[in-house]
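Here is a brisk report on one protein model.

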Amino acid sequence: MTSSSTTHDARELLWKPSDSLRDANRRKIIRAVMVEPNTQVNIARFTGLSQATVSGLVNELVGENVLRVDSGGDNERGKKLRVGAVRGVAVGIEVNHNGLTVAARRVDTSSVEYETANFGAEQGDNAWVRESARLIRDLATKTGLDAEHVVSIGLGIPAAIDPRTGMVTQVASSLDWDLSGNPRHRFSDHFPHVPVIVDNEANLAAYGEYVYGAGRSVESMYFIKASTSIGSGLITNGAIYRGRHGLAGEIGHVTMDPQGTVCRCGNRGCLDTIVGGNRLVEQVRQAYTGYRVDLPTSLEGMIERAKRGDQVCTRILQDASRDIGLALARVANLLNPDIMVLGGELGRAADLLVGPATNEMQLFSLRGMYDHAAPTKLVGSELGLLAGAQGALAFALRVDSTVAV
Ligand SMILES: [Zn+2]
């Protein structure tokens with residue numbers, strides 16, 4: 001393919017170096033539409049550009065066939081813009097404690113391909129990088145293109161990232177493999193020219209939920225990712241709030257009981273020690289010691305049993321949700337977000353957990369946010385375990401690495 005072809009190469013559109021403000025604004029609009037087809041009004045909100053600027057550049061981009069206008073809608077500004085004849089693949093990766101999920105999507109469609117892989121520490125420090133690279137190649141082919149067309153890679157890892165340097169400031173200490181240094185550089189052998197945008201995996205899951213899931217159309221959202229460990233992400237006005245060290249909102253290490261169990265972070269009585277996945281599974285095993293042998297070994301297995309009516313699993317999950325609700329009450333008083341979203345493994349049991357957690361949250365936080373026409377709500381995740389990879393994909397598309405660090 002050449003630049004004279006009628007199909008544009010997304011890499012040329014997004015990567016071409018330019019100092020011109022006009023080119024930067026064009027890229028912002030293209031990126032916004034690649035994240036999600038949208039109206040001019042919403043693109044202006046998403047990019048922070050004026051309506052007039054958006055309108056002028058959109059006309060130009062439609063003329064070049066980079067964007068196209070959806071049929072339908074009452075007037076020109078109410079119609080959604082979609083990506084036109086553009087070739088490129090966007091990728092998002094969520095790395096967890098023992099596995100990863102990769103999402104890939106052609107920039108001109110909304111259908112996302114996923115694959116997951118599990119691995120352990122015995123496979124070496126770089127297993128997650130090798131597995132990610134393999135899945136990216138597979139998925140790019142599945143979209144009908146190939147790895148040469150990858151335009152951006154969003155990478156969510158279970159670690160805190162210093163937003164100013166991209167360096168890891170704190171790795172989840174339960175991790176058995178090395179994530180030290182700048183994780184972005186691990187990909188340079190496999191995809192030397194592709195921008196890799198790295199962030200905490202719960203931050204990116206929050207972003208996914210904000211753009212495509214339960215947080216659509218709200219201004220501020222707090223996302224709690226409750227799985228093996230408890231993570232979170234806070235979004236305000238479309239931006240991830242990270243704090244100085246990338247540790248903002250880390251509810252998993254809020255002290256719930258100063259006399260409680262010592263946590264893997266070195267503090268005592270953190271929420272993580274009470275409702276972390278392994279702790280919950282351990283409680284089931286304790287309750288059934290000597291009575292049953294077919295005990296669940298994972299949070300997933302425990303949730304399945306609760307859904308089939310197992311009273312022990314149900315009780316332990318509901319008690320955990322009350323603890324989560326109490327922790328969320330503190331978040332609610334501090335941040336007063338529009339919405340709270342329960343994601344991660346526990347998000348899959350939202351029908352069992354959101355009720356008791358909401359009761360507790362409301363009991364221990366200020367009434368003004370509930371006695372209101374638009375009360376603060378706690379809801380289950382809509383994207384489930386794909387939120388992290390989807391959010392990583394969207395976030396990397398959105399961030400202009402020729403401008404941002
Ligand atoms: Zn802790």
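## Zinc site

The four donor atoms around the zinc ion subtend angles of 105 to 120°, so the arrangement is tetrahedral. Four donors count as tetrahedral if all angles lie between 85 and 135 degrees. Ideal angles for four tetrahedral donors are 109.5 degrees.

The protein donors are His253 (ND1), Cys263 (SG), Cys265 (SG) and Cys270 (SG). They lie 2.0 to 2.3 Å from the zinc ion. Donors here are N, O and S atoms within 2.8 Å of the metal (3.2 Å for Na, K and Ca); water is not among the atoms, so sites may look incomplete.

## Model and numbering

This is a predicted model: local features need pLDDT of at least 70, side-chain atom pairs count only at pLDDT 80 or more, and totals for chains, interfaces and linings use all residues. Residues are numbered from 1 along each chain as its sequence is written, and side-chain values use heavy atoms, with hydrogens and water left out.

His253 is partly exposed, with a relative accessible area of 26%. Cys263 is buried, at 6%. Buried means under 20% relative accessible area, exposed over 50%, and partly exposed in between (1.4 Å probe, protein chains only).

## Domains

An automatic or database assignment sets the domain bounds. The chain divides into domain 1 (8-86), domain 2 (88-206 + 388-398) and domain 3 (215-382). The C-alpha centres of domain 1 and domain 3 lie 38 Å apart.

## Ser132

Ser132 is buried, with a relative accessible area of 0%. Its contacts (heavy atoms within 4.5 Å) include Ile93, Leu100, Val102 and Phe187, not counting residues up to four places away in sequence.

Technical notes:
Tetrahedral: all angles 85-135°; square planar, octahedral: opposite > 155°, others 65-115°.
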